[in-house]
Amino acid sequence: MPCILHLETSTSVCSVAVSEDSHVIFHDEDRSGPNHAERLGTFTDAALSFIDSHAIPLDGVAVSSGPGSYTGLRIGVSMAKGICYGLHLPLISVPTPELLCVPVLLRKADELEDDALLCPMLDARRMEVYAAVFDRALKTVRPVGADVVDADTYREYLDSHPVYFFGEGAAKCRQTITHPNARFIDGIEPLAKWMQPLAERKWWNEDFEDVAYFVPFYLKDFVAKQPKKLL
């Protein structure tokens, strides 16, 4: 089983983890940010020292690929690329919406209906969020998009499925999305310790990024491509 270093910097939380044999063996996080420029280097040094002190061969580096904070993603990807270049390791990208689904599937699986849909949300301005829709197998039902949220935004899914909303953008939608099939889960964050199953699957499939050319999914780039009504 691979040993993977995980870096997550897509929101104000900065976190680093190490997984081996499908278990997280090191994890640290900071919620006082955003101060990724200060904390990420310290956490990463501690993680690499842990790996070295336990004589574990490092097999790859996984980094959150967004969408998310421009500054946070840039810092995280730069750190990941530097390690990959220096140690000749493969780079793995983990989309933030999929990452947000992992703690829901691991912690709440027994509470989810068989036909439930998952809608992770990243906060934008006013009543806008960046959201995607997945089924319980993490199959994409609707790719990530910029949504101006009102009572009918997700009606096509809510009319036929229970839909679970979570992530930093979900709280402000609670009073707006009042459909009886709407469910809200609090306290779900994209953390490095949840990256393991997604990153490990990509490692086994050799689904790696080009270290020289990889760039994350910046929100500013996504917004620039949207119709003016969303801006």
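Setting aside neighbours within four places in sequence, Glu8 is in contact with Val13, Cys14, Ser15, Ser64, Thr96, Leu99, Pro190, Leu191, Ala192 and Met195. Keep in mind that this is a predicted model.

Where does Glu8 sit? Its place is in strand S1, which covers residues 3–8. Glu8 is buried, and it has no salt bridge. The nearest side chain of opposite charge belongs to Arg31, and that is 10 Å away. What Glu8 does have is a polar contact of 3.0 Å, side chain to side chain, with Ser64.

Now the nonpolar cores. The largest one has 31 residues, and the members that touch the most others are Ala62, Val94, Val104, Leu118, Tyr164 and Phe166. Several elements each supply at least two residues of this core, among them strand S5 (91–94), strand S9 (163–166) and helix H5 (196–204). Which element gives the largest share? That is H3, with five residues.

Take Phe166 as an example. Beyond four places in sequence, its contacts include Leu100, Cys101 and Val104, and also Leu118, Ile185 and Ile188. There is a second, separate core of 25 residues, including Leu5, Val18, Val63 and Cys84.

Last, the whole protein. It has six helices and ten strands. The radius of gyration is 18 Å, close to the 17 Å that the globule rule gives for 231 residues, so the protein is as compact as a globular protein of that length. Of those 231 residues, 52% count as buried. Among contacts with a separation of 6 or more, 63% are between residues 24 or more positions apart.

Definitions and conventions:
Residues are numbered from 1 along each chain as its sequence is written. This is a predicted model: local features need pLDDT of at least 70, side-chain atom pairs count only at pLDDT 80 or more; totals for chains, interfaces and linings use all residues. Side-chain values use heavy atoms; hydrogens and water are left out. Helices (H or I, at least four residues) and strands (E, at least two) are DSSP runs, numbered from the N terminus. Buried means under 20% relative accessible area, exposed over 50%, partly exposed in between (1.4 Å probe, protein chains only). Lys and Arg count as positive and Asp and Glu as negative; His and the chain ends are not counted. A salt bridge is a side-chain nitrogen of Lys or Arg within 4 Å of a carboxyl oxygen of Asp or Glu. A polar contact is a pair of N or O atoms within 3.5 Å; within protein, one must be able to donate a hydrogen and the other to accept it, and residues adjacent in sequence count only if both atoms are side-chain atoms. Contact means heavy atoms within 4.5 Å. A nonpolar core is a set of buried Ala, Val, Leu, Ile, Met, Phe, Trp, Tyr and Cys residues joined through side-chain atoms within 4.5 Å. The radius of gyration is taken over C-alpha atoms; the globule rule is 2.2 Å times the number of residues to the power 0.38.
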